[in-house]
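Work through the following exercises with the sequence and the structure open beside you. Try each task before reading its solution.

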Amino acid sequence: MTQDNDPKHTAKISKECLQDNSVNVLEWPSQSPDLNPIEHLWRDLKMAVHRRFPSNLMELERCCKEEWAKLAKDRCAKLIASYRKRLIVVIAAKGGPTSY
């Protein structure tokens, strides 16, 4: 797993959760262009959960787990497969804006 050093990722509670669940976190430069494929999956999850209109925290948690389980495995594979292309575009843009 990678993190972009956003404060929500580096908060004590976030770090403890990752450590408690034995999640290995790779070093990732601060303010790096958004290359991490997981960000696209988070967006997909957010949209799917939003369509269900959870009305409380327990319902939100249930919806998140259910929708995460539904995410297509081929979506993950496509995101990974596109990684090289995204890297090339970001390098060509010298860290500037891209379509990603």
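**Exercise 1.** In this predicted model, find how helix α3 and helix α5 are placed relative to each other, and which residues make their contact.

*Solution.* Begin with the axes: those of helix α3 (residues 38-50) and helix α5 (residues 73-81) come within 10 Å and cross at roughly 145°. Next, look at the handedness, and you will find that α3 passes α5 in a right-handed crossing. The residues that make the contact are His40, Leu41, Arg43 and Asp44 on the side of α3, together with Arg75, Cys76 and Leu79 on the side of α5. Sorted by class, this contact of α3 with α5 holds three nonpolar, one polar and three charged residues.

**Exercise 2.** Compare the span of α3 with the span expected for its number of residues, and then list its buried residues.

*Solution.* Helix α3 has 13 residues, and at 1.5 Å a residue the expected span is 18 Å. From the first C-alpha of α3 to the last, the helix reaches 18 Å, which is close to that expectation. The buried residues of α3 are His40, Leu41, Asp44, Leu45, Ala48 and Val49, and they pack against α4 (57-70), α5 and α6 (83-92).

**Exercise 3.** Decide how α3 and α4 are oriented to each other, and describe the contact between them.

*Solution.* The first step is the geometry: the two helices, α3 and α4, pack at an angle of about 125°, and their axes are 9 Å apart. Angles from 65 to 115 degrees count as roughly perpendicular and those over 145 as roughly antiparallel, and α3 and α4 are therefore oblique to each other. The crossing of α3 past α4 is right-handed. In the contact itself, Ile38, Leu41, Trp42, Leu45, Ala48 and Val49 of α3 meet Leu60, Cys63, Cys64, Glu67 and Trp68 of α4. By class, this contact of α3 with α4 has 10 nonpolar residues, no polar ones and one charged residue.

**Exercise 4.** Classify Asp44 and Glu61 as buried, partly exposed or exposed, and describe the surroundings of each.

*Solution.* Asp44 lies in helix α3. Because buried means under 20% relative accessible area, Asp44 counts as buried at 17%. If residues up to four places away in sequence are left out, Asp44 touches Leu71 and Arg75. Glu61, by contrast, has its place in helix α4, and its relative accessible area of 45% makes Glu61 partly exposed. Finally, Glu61 and Val49 stand 12 residues apart in sequence, while their C-alpha atoms are 9.5 Å apart in space.

Note on methods
Residues numbered from 1 in each chain as written. Predicted model: local features only at pLDDT ≥ 70, side-chain atom pairs only at ≥ 80, totals over all residues. Heavy atoms only, no water. Axes fitted to C-alpha atoms, helices over the stretch in contact; angles between N-to-C directions. Helix = DSSP H or I, 4+ residues; strand = E, 2+ residues; numbered from the N terminus. Left-handed = near helix turned anticlockwise from the far one by under 90°. Contact = heavy atoms within 4.5 Å. Nonpolar A, V, L, I, M, F, W, Y, C, P; charged D, E, K, R; others polar. Expected span 1.5 Å × (residues − 1). Buried < 20%, exposed > 50% of the residue type's maximum accessible area, 1.4 Å probe, protein only. Parallel < 35°, antiparallel > 145°, perpendicular 65-115°, else oblique.
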